[in-house]
Amino acid sequence: MQGKPRPRFWEAWIKTQTTAFQIVTQGQSAGDQYHEYLVSNWACSEMGAQAFNKDYAPSETAFYNAVQPLGALGEISQVLLEWSGPRSASWDLMEQKVFAALPDSVASHLFDVVNSTSEFPAFFQYFARANANQERVHLPKRLERIK
C-alpha cells in the first residue's frame with residue numbers, strides 16, 4: 001500500500017481480526033463473514049504480515065470471527081442524540097463529556113482514533129450536527145460532501 005503511513009493501532013487491529021477467524025466446513029456458509037476474511041487477509045498481505053494461512057477444505061467452507069468489530073461512531077451518535085445540555089460542534093469543548101458518556105471499551109477505541117489523526121476535530125464539527133450556521137473549519141477533501 002502506498003500513501004500515508006498506516007496507524008500502528010489499525011495494523012494491530014487488522015492482525016487481531018485476521019487471526020481470530022475460524023473456518024467451518026459443515027455447510028454453514030449462509031451469513032458467514034467471508035468478505036471480512038478476504039479483506040482483512042488482503043490487508044495483512046499488503047502489510048507483509050501472514051495472510052491466508054489457514055487450512056482450507058475442498059468442501060463448502062464458512063468463515064466466522066468471534067472478535068466483534070469495535071466502532072465508536074454509532075456510540076457517539078447515540079450520546080449526542082440523548083444529549084440533554086447544550087451541544088457544541090467543537091471537539092475541544094465536547095471531548096471530556098463525550099468520553100465520560102461512553103463505555104470504557106469504546107472510549108479506549110475512540111482515544112486511539114482521535115490520536116491517530118490531526119483531522120478529528122474537523123470531522124467532529126460535521127458529525128456533531130451542532131451550530132449548523134456557524135462557520136466550519138476547512139474539512140479535508142476526503143471528508144467533504146459531494147455537491
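Y37 forms part of the aromatic content of the protein. Ten aromatic pairs are counted in total. In one of them, Y37 is paired with Y56 in an edge-to-face arrangement, with 6.4 Å between the ring centres and an angle of 75 degrees between the planes. This pair connects distant parts of the chain, since Y37 belongs to helix 2 and Y56 to the loop between helix 2 and strand 2 (62-65), with 19 residues separating them. Y56 has a relative accessible area of 42%, which lies between the limits of 20% and 50%, so Y56 is classed as partly exposed. Elsewhere, ring pairs connect W91, F99, F120, F123, F124 and F127 into a cluster.

The overall composition is as follows. The protein has 147 residues, 29% of them buried. Its secondary structure consists of six helices and two strands, and these follow one another along the sequence in the pattern α-β-α-β-α-α-α-α. The accessible surface is about 10200 Å², and carbon and sulfur atoms account for 52% of this area. When contacts between residues at least 6 apart in sequence are considered, 66% of them join residues at least 24 apart.

The confidence of the prediction was also examined. The average pLDDT of the protein is 81, and 82% of the residues reach a score of at least 70. Among the elements, the lowest mean pLDDT, 84, belongs to helix 1 (residues 8-19), while the highest, 94, belongs to helix 4 (residues 91-101). Where pLDDT is low, the predicted coordinates should not be read in detail.

M47 is part of helix 2, which spans residues 34-47. Its relative accessible area of 17% is under the 20% limit, so M47 is buried. Apart from neighbours within four places in sequence, M47 contacts R6, W10, E11, I14 and K15. T18, in turn, is located in helix 1. With a relative accessible area of 5%, T18 is also under the 20% limit and is therefore buried. Residues up to four places away in sequence being left out, T18 touches S40, N41, C44 and K54.

One member, L38, is located in helix 2 and is partly exposed because its relative accessibility is 43%. Another member, F52, occurs in the loop between helix 2 and strand 2 and is likewise partly exposed, in this case because its relative accessible area is 39%.

Most residues other than glycine have a negative phi.

N53 lies in the loop between helix 2 and strand 2 and is partly exposed, because its relative accessible area is 47%. The C-alpha atoms of N53 and N41 are 9.0 Å apart in space, while the two residues are twelve apart in sequence. N41 is also among the residues touched by T18. T61 has its place in the loop between helix 2 and strand 2 as well. Its relative accessibility of 18% is under the 20% limit, so T61 counts as buried. T61 and V24 are 37 residues apart along the chain, and their C-alpha atoms are separated by 5.7 Å.

Key
Residues numbered from 1 in each chain as written. Predicted model: local features only at pLDDT ≥ 70, side-chain atom pairs only at ≥ 80, totals over all residues. Heavy atoms only, no water. Helix = DSSP H or I, 4+ residues; strand = E, 2+ residues; numbered from the N terminus. Buried < 20%, exposed > 50% of the residue type's maximum accessible area, 1.4 Å probe, protein only. Contact = heavy atoms within 4.5 Å. Phe/Tyr/Trp six-rings, centres within 6.5 Å; stacked < 30°, edge-to-face > 60°. pLDDT = per-residue confidence, 0-100. Areas by Shrake-Rupley, 256 points an atom, 1.4 Å probe, with all protein chains shown as cover.
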